[in-house]
Amino acid sequence: MQLEGWMLVPIFSAILLSFSLASHANPVEIERFYEFNITRSQVTRLCSTKNIVNVNGQFPGPEIHLDEGDMLVVKVNNQVPENITLHWHGVFQNRTGWYDGPAYVTQCPIQSGSSYTYKFVIKNQRGTLWWHAHIRWMRATVYGALIIHPRPGSSFPFPAPDAEVPILLGEWWQSDVQAVLNQALASGGGPNVSDAFTINGLPGPLYNCSGNDVYALDVEQGKTYLLRIINAAMNTDLFFGIANHKLTVVEADASYQQPFETDYIVITPGQTTNVLFTADQTPGQYFMAASAYAAAVPQNPFDNTTTAGIIRYKSSPSSFFSGLPRLPAFNDTRKVVSFNSKLRGLLTEELPTVPVKVDRHLFFTVGLNREDCPRGAPNSSCQGNGGRFAASINNITYVSPRSSILGAYYTNKLMNVFTKDFSTKPPVKFDYTGRPLRNLNSKNGTKARIIPYGSSVQIILQGTSLVNAESHPIHLHGYDFFIVGQGFGNYKKKYQANFNLVDPPLRNTISVPLKGWAAIRLIANNPGVWFMHCHLDIHTTWGLDTVLIVENGEGPLQSIQAPPPDYPRC
């Protein structure tokens, strides 16, 4: 590949309106209450029935709808033997980190037979987000859409669609998902790949014994539809498209984008993308489809199947079917770059200001490692390329504590929970995307980085190729961030001159390119303990995680609220 680096160069010059998320508080308008019972139920897919954990007997789980400014209240009753937590992916949780959800980071799990009520206000956000379990791969079947509508009297910055439809892309295993995880942990190698992808919980007609498990969307000729697309897959980036229909991207991760037309989107686990499409073709039945982007070097095993649903014109003859949409090949990195480089933030009054000056510089290497096989260990436990697979940020493999980091930080009882010495840079400078080092080991630890309130922060996320090179979808809890630059190879300081500081996309999950880097910026104005991790769950399991702690500012409006009375105990 000839590209050393590509940059997000501004399309046009503009003056951004100054905007402070912390000071733009809105009164609570309506309390939206939901009750989630965590249960088990029998679900049949691909002619095989298994018992899955879900919410209220639904798979995928219930949709949550509310308006910007509303308070969301969700009472979770855990009625299964396993522990559970729920994360509200992309919600800022301004000063309410107790409700963020990652197990042993902001809370202890909700134990069997117990309840916990999540309660927070949605401030300065509108668009498509989602919720999911955040403990031990439980999110494979415990997830759903979280849709924030513009506050009453407001509208979209694009023509209103005739209908809005959530499209949740998932991943399905015939085996019990916890057994898949346990087998990977026991072997030290990678997990068995999934057996199918799904659209709204259904694999579609391209799989054996799945002809009736097909999601169908009925449309009317000439009408325009807003698809709220969520990648809830566990370990796979996905391409998505609709045969013979153009898509217009208008939003990503609940942030409006300058609209652009495309034949496909690429979406990583954790990300959301809103697209408009118009039913402007000859009446018939047209396939929508999703397939993997999996361009690791060297190649890992992956699910190379395609899930499909149907766009069904109401006036169409049932006999007419299109072919599949022409999605990019599984290893077409250029198509991924092409799509991502078109994303530009839409300049609105609500958009926060892009930080121009930076006072906190962080350089994080992200990638896989290999632990040496312990002496005397059987070969069956060392299937990770001659050892045991691990992952790290700045060569620290995150080890989950057995109590809440937020609880320990709030009470100043850090002993045996975490330390505050996570490094601002990797311990050794090397050719990150070139020939691997001889020593592929990392160090284990539960370390956090402390960031003063109000800091202007830049984080360089540098991919590595120690074991193999992959793209990594990095998600930061509690914040959106501006993606000001991306490129291939090793990051160089001179690239900063070409950063897009005018209209960069604002997201909560960034795909660090294969053998490349990404630069993000944010203002640290939300105090709390915030998990930062790869949203490929196997990488999270292996330790590609860290914690950022934003200190309190001045006064109660810049400080973490007190914990709720029903806060779970470990």
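**The open sheet and a salt bridge**

Reply: Let's start with a pair of strands (DSSP E runs of at least two residues, numbered from the N terminus): β26, residues 472–476, and β31, residues 528–534, run antiparallel and are joined by three bridges. Across that pairing, Leu476 faces Met532 of β31. Bear in mind that this is a predicted model, where local features need pLDDT of at least 70 and side-chain atom pairs 80 or more, while totals for chains, interfaces and linings use all residues. Numbering runs from 1 along each chain as its sequence is written, and side-chain values use heavy atoms, without hydrogens or water.

Now zoom out to the sheet. Five strands make up an open sheet with mixed pairing, ordered β24-β32-β31-β26-β29; to count as paired, two strands need at least two DSSP bridges. At the edges sit β24 (448–451) and β29 (509–512), each with pairing on one side only. On average, neighbouring strands here are turned by 20 degrees against each other, direction ignored (axes are lines fitted to C-alpha atoms).

Next, the salt bridge (Lys or Arg side-chain nitrogen within 4 Å of an Asp or Glu carboxyl oxygen). Arg507 and Asp253 meet through their side chains at 3.2 Å, N to O. Arg507 belongs to strand β28 (residues 506–507) and Asp253 to the loop between β14 and β15, so this pair ties together parts 254 residues apart in sequence. By the same rule, the model's salt bridges come to 12.

Conventions. Helix = DSSP H or I, 4+ residues; strand = E, 2+ residues; numbered from the N terminus. Axes fitted to C-alpha atoms, helices over the stretch in contact; angles between N-to-C directions.
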